[in-house]
Amino acid sequence: MAEFRGNGRTNIPLPSTAKKSSQHGRMSMSGPALRAPYPLTSGPGPTPRHSMMRSQSSSNPLLMSIGKPHIGRTPASNRRTSTWGGGSQASAPSGSQVAKDPRPLRERPFQSKMRQDIVEWFHQNNYDLQTQALMNITAKDFRGIFEQLVLCLDPLWPFEPTKRFDDQLMQALKTLQYPYVNNIDQKWLATPGAQFSWPSLLGMLHWLAELGKARDSYLNSEDPTLQDVALIPEEFDDVHHHEALAFEHCIQSYQVFLDGADLFPEQEQALQEIYSRKDEKVVADLQKNKERLAAVTAELKKLKESDPPIKELETMNGWMIKDEAKFKDATLFHENRKQKLIDAIAHENAEIKHFTAELERLQLEQRRLEEIVKAQNLSPEEVLRMNSEHEALTRDLENLKHKITESSKLIHKLEVALGKKTAEAEEVIDTYNSLLATLGLFPPLPPPMEDINLKLAMNSGASDPSQLIVGPPIKEVAKPALAKITEIKKTENEELEREKIRVDDELDKLMVACENQEQDVGEILKKANSINEQADDLRDRVQREGAVSATEIDRLEAALAQARSAAMTHGVGVKTRLHALQIAYDEQVNKVNRLRDETVRGIIKNSSEIMMFKEEVSRQLKQVHDCAEAN
């Protein structure tokens with residue numbers, strides 16, 4: 001490790017096609033041997049492997065000696081030894097702070113348990129160790145047991161028989177980070193079975209055995225941190241699984257690289273297939289979610305385009321309210337009918353009792369008559385006549401019973417028809433009341449019909465036909481009132497039509513007036529525009545004349561200056577010319593002042609006309625606005 005860190009080179013062989021440099025060699029694709037442990041993927045059975053444990057203080061003793069495939073191994077003569085660091089690299093407790101072992105090492109039951117655990121651990125690893133060997137331990141046996149426990153943790157640990165055992169023991173314990181290493185005295189190794197030294201040494205051996213058990217338990221736990229490619233499921237998301245796949249890819253690629261190839265399509269294809277299988281379910285779920293999203297979106301669009309459900313619920317609520325009123329009326333009708341049927345049944349029961357008593361009386365009468373007949377000793381002709389009369393009376397009785405049955409059936413049919421007609425009449429009355437509510441004919445009515453209530457109701461339980469309809473008499477009150485209301489509404493409608501015609505005429509007049517006002521406004525605007533144009537022309541002309549006058553004034557002032565200088569030169573003879581020039585100058589000044597005054601008056605006049613025009617337009621628009629609001 002020190003050599004690798006010093007010069008950046010490794011002992012891993014390179015192919016013959018690789019470019020070599022005397023200064024910078026090509027480094028291994030797998031990097032330095034400082035990676036986390038990688039489980040052995042070869043077949044079963046013991047296989048020599050390098051130790052990959054780090055020597056830093058952050059190393060995990062459970063991860064010691066995890067093998068990896070035999071790829072890129074160096075020859076046997078150049079193989080690297082265990083990467084366990086020496087005593088100088090291990091992080092051991094400071095000498096000034098000796099950790100106290102909390103275990104009851106001097107208690108005999110605990111010592112017996114520790115010995116049993118150590119023997120079981122040796123048996124699990126196919127090593128023969130007897131409990132008696134731990135009872136009377138010798139220095140040779142202690143060394144063999146200690147070395148075997150360390151080799152179970154790291155088979156490549158470099159034990160050397162030529163070196164002192166106490167130094168190697170302390171180095172191994174510090175590397176394994178035994179927490180109570182400072183409690184062990186190297187002098188105890190000469191007589192490890194002594195009473196004062198054996199409890200601590202036995203506790204150290206027991207700790208190594210428990211550490212080996214924890215290591216094996218971890219290696220068999222199929223934990224993702226083992227980074228075993230064979231343990232990776234088809235669907236994974238653990239970072240250790242990704243690292244295991246990456247490391248396996250690097251190993252296989254490096255093997256191909258050692259064979260002289262620089263491209264690794266098969267390895268990349270295998271890695272791509274693993275991730276494709278991983279993503280199959282995710283892609284399928286994504287497709288299903290997309291389909292569900294499309295369906296939900298379509299349903300949402302359909303719901304947005306359709307009428308709100310509350311409208312349908314409101315309509316159904318209205319129907320249910322109407323059905324409730326009808327149901328209440330039907331319930332009242334059937335209750336009344338039920339009471340009638342109960343009364344009829346009671347009446348029939350009374351009649352049955354009456355007829356039963358009558359039948360018993362007749363039977364008694366028949367027996368009495370039979371006794372009388374026997375006593376009278378009637379002739380056969382008389383008996384035959386009496387039987388004939390009896391049969392005729394029986395037939396008449398049967399005919400009467402049949403007629404009674406037919407009458408009952410007819411009454412039942414009439415009751416059913418009456419129920420239907422009653423339901424139809426109730427629907428008609430409900431429609432009539434709804435029309436009254438729509439037309440606003442509920443009380444109070446307009447005069448002179450304040451005391452009239454046109455609302456009707458159905459009393460299906462009334463026995464008197466004249467009381468079936470509750471409300472005002474239809475022929476005497478309702479029809480005349482409705483006819484009168486119809487006449488009133490017709491009269492109001494005719495008045496409204498006439499008022500509508502009058503308003504339409506006034507509106508047409510206002511529209512014509514608005515059009516005339518718009519024409520007047522257009523003419524005034526044209527006039528204002530022409531006045532503005534004239535003012536602009538006058539302003540331009542005055543400006544031009546002012547410029548010409550200024551030029552003339554400058555010229556006259558120059559001529560006057562020349563004349564004065566000439567007068568001074570020539571004397572009094574030039575005074576006349578000077579006076580003439582002075583007069584011409586005054587005339588030009590007066591002309592300029594006159595033009596300026598005219599321009600100012602024209603501008604004031606145009607401004608006044610524009611203001612008057614604006615006031616007139618505002619007044620006309622206000623009149624139109626007031627007229628529109630009034631109508």
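The secondary structure of the chain comes to 12 helices and 2 strands, where helices (H or I, at least four residues) and strands (E, at least two) are DSSP runs numbered from the N terminus. This is a predicted model, in which local features need pLDDT of at least 70 and side-chain atom pairs count only at pLDDT 80 or more, while totals for chains, interfaces and linings use all residues. Residues are numbered from 1 along each chain as its sequence is written, and side-chain values use heavy atoms, with hydrogens and water left out.

Colleague: What percentage of the 631 residues in the chain is buried?

Modeller: A residue is called buried under 20% relative accessible area, exposed over 50% and partly exposed in between, using a 1.4 Å probe and protein chains only. With that rule applied to the 631 residues of the chain, the buried share comes to 24%.

Colleague: How far does helix 4 reach from its first C-alpha to its last?

Modeller: Helix 4 covers residues 139-153, which is 15 residues. The expected span of a helix is 1.5 Å times one less than its number of residues. For helix 4 the expected value is 21 Å, and the span in the model is close to it, at 21 Å.

Colleague: Which helices do the buried residues of helix 4 pack against?

Modeller: The buried residues of helix 4 include Phe142, Ile145, Phe146 and Leu149. Contact means heavy atoms within 4.5 Å. The buried residues of helix 4 pack against helix 2 (108-124), helix 3 (131-135), helix 5 (165-175) and helix 6 (198-219).

Colleague: Are helix 4 and helix 5 roughly parallel or roughly antiparallel to each other?

Modeller: Two packed helices are described by the angle between their axes and the distance between the axes. Axes are lines fitted to C-alpha atoms, for helices over the stretch in contact, with angles from 0 to 180 degrees between N-to-C directions, and the axes of helix 4 and helix 5 come within 12 Å and cross at roughly 30°. Angles under 35 degrees count as roughly parallel, over 145 as roughly antiparallel, 65 to 115 as roughly perpendicular and the rest as oblique. Helix 4 and helix 5 are therefore roughly parallel.

Colleague: How many residues apart are Phe146 and Phe165, the partners of an aromatic pair?

Modeller: Rings of Phe, Tyr and Trp (its six-membered ring) pair if their centres lie within 6.5 Å, and planes under 30 degrees apart count as stacked, over 60 as edge-to-face and the rest as tilted. By this rule the count comes to 8 aromatic pairs. Phe146 and Phe165 form an edge-to-face pair, 5.8 Å centre to centre with 85° between the planes. This pair links distant parts of the chain, Phe146 in helix 4 and Phe165 in helix 5, and the separation is 19 residues.

Colleague: What is the relative accessible area of Phe146?

Modeller: Ring pairs link Phe146 into a cluster with Phe142, Trp157, Phe159 and Phe165. Phe146 is buried, and its relative accessible area is 0%.

Colleague: How many of the 22 residues of helix 6 are buried?

Modeller: Helix 6 reaches 31 Å from its first C-alpha to its last, close to the 32 Å expected. Helix 6 is largely enclosed by the rest of the structure, because the number of buried residues among its 22 is 16.
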